[in-house]
Amino acid sequence: QGIEVSEKKLSDPSPLVRRAAIISLSGVPADMRWQLLSPMLDDTHKSVRFELAIQLADVAGLVPESVSVRTAYQKLMDEYRQTLIYSQDSPAGQMGLAQLALYSGDTQEALRHYKQALKIAPGYVPALLNLADLNRQLGQEAEAKNLLNRALIVAPESADAQHSYGLMLVRSRQYGFALPYLKSAFELESARPRYAYVYAVALENQQQLKAAIDVLKRANERWPNQTDLMLTLVRYLEQDNQINEAYRYLSDLSRIAPGSPQVQQLFQRLQSR
């Protein structure tokens, strides 16, 4: 669903609907997330506040100096930390504590929590993937690969696991080997729009432009109104000299993101052809 739809649902009377709307904004850039979600800092429902804290845990640097807003944000995050401490005997609780440690720059504490999550549940995919990512950032490539292998063995149907493994191969410039994993990640039921984008870019990198266009068209049907996907699709159609087709998607884009400078730029470029 589009951001506008999610924004409307944030003020729905039902806490379940509000919570789902917050979750749907997880892929939105931090500054926009803060803008959309900060009016909800004192939501009356605990499960809504919990989800809100998850989505705002990485925005501390964007919180304005206003004392009332800072106090409300701090209160939300303290409540969240307390809830995680109560559930620290679960892998999800340990994961949450690891994320908070990372946002405050404490990588050693984050490592400790991820490892504890895996002691509790050795096959817990989110911990395997996040710990792999942290190991990669710390230069522990072999350990990262080992963790990603474990995730794939435990959960071959996990789009996240397939995508993470594919990305690891992309980073080591093994594009050809990466494609099957990126393809699986895109096609699995638990896929996300981002996975379609990465797969299409990898295909284009391997001179498979038509296949990349096909992936983006399918992704656009599956997840309508995703600006990144549509912008890339228009660029690839232009590259393939499918100008009329490019215009069709560009006019959809101009309805979704009328003020976008990238959309204006593409219009000017296509008109000059």
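I looked up Asn 241 and found it exposed, with a relative accessible area of 54%; exposed stands for over 50%, buried for under 20% and partly exposed for what lies in between, with a 1.4 Å probe and protein chains only. I note that this is a predicted model, in which local features need pLDDT of at least 70 and side-chain atom pairs count only at pLDDT 80 or more, while totals for chains, interfaces and linings use all residues. Residues are numbered from 1 along each chain as its sequence is written, and side-chain values use heavy atoms, with hydrogens and water left out.

Asn 241 sits in the loop between helix 14 (227–239) and helix 15, where helices are DSSP runs of H or I with at least four residues, strands are runs of E with at least two, and both are numbered from the N terminus. I wrote down its phi as near 60 degrees, which is a positive value in a residue other than glycine. Most residues other than glycine have a negative phi.

Which other residue has a positive phi although it is not a glycine? I found Gln 207, with a phi of about 60 degrees, in the loop between helix 12 and helix 13 (209–222). Gln 207 has 70% relative accessibility, so I list it as exposed.

**Entry: Ser 158**

I then turned to Ser 158, which belongs to the loop between helix 9 (141–154) and helix 10 (159–171). Is Ser 158 buried or exposed? Its relative accessible area is 14%, so I count it as buried. Leaving aside neighbours within four places in sequence, I find Ser 158 in contact (heavy atoms within 4.5 Å) with Val 125, Leu 188 and Ser 190. I also looked up Pro 39, which is 119 residues away from Ser 158 along the chain, and the C-alpha atoms of the two are separated by 34 Å.

**Entry: Ala 92**

Ala 92 lies in helix 6 (residues 91–103), and I noted a relative accessible area of 43%, which makes it partly exposed. Not counting residues up to four places away in sequence, Ala 92 touches Leu 84 and Tyr 124. From Ala 92 to Tyr 114, 22 residues apart in sequence, the C-alpha to C-alpha distance is 9.7 Å.

**Entry: helix 2 and helix 4**

Two packed helices are described by the angle between their axes and the distance between the axes. For helix 2 (residues 15–24) and helix 4 (residues 46–56), I noted that the axes come within 9 Å and cross at roughly 5 degrees. Helix 2 is therefore roughly parallel to helix 4; angles under 35 degrees count as roughly parallel, over 145 as roughly antiparallel, 65 to 115 as roughly perpendicular and the rest as oblique. The axes are lines fitted to C-alpha atoms, for helices over the stretch in contact, and the angles run from 0 to 180 degrees between N-to-C directions.

Which residues meet here? I listed Pro 15, Arg 18, Arg 19, Ile 22 and Ile 23 from helix 2, and Ser 47, Val 48, Glu 51, Leu 52 and Gln 55 from helix 4. By class, the contact has five nonpolar, two polar and three charged residues, where Ala, Val, Leu, Ile, Met, Phe, Trp, Tyr, Cys and Pro count as nonpolar, Asp, Glu, Lys and Arg as charged, and the others, Gly among them, as polar.

Glu 51 in helix 4 has a relative accessible area of 7%, so I count it as buried. Not counting residues up to four places away in sequence, Glu 51 touches Arg 19, Ile 22 and Ile 23. The buried residues of helix 4, including Val 48, Leu 52 and Leu 56, pack against helix 2, helix 3 (30–37) and helix 5 (67–86).

**Entry: aromatic rings**

How many aromatic pairs does a search of the whole structure find? I noted six; rings of Phe, Tyr and Trp (its six-membered ring) pair if their centres lie within 6.5 Å, with planes under 30 degrees apart counted as stacked, over 60 as edge-to-face and the rest as tilted. Phe 186 and Tyr 199 form a tilted pair, 6.0 Å centre to centre and with 35 degrees between the planes. Phe 186 is in helix 11 (residues 175–187) and Tyr 199 in helix 12 (residues 193–205), 13 residues apart, and both are buried.
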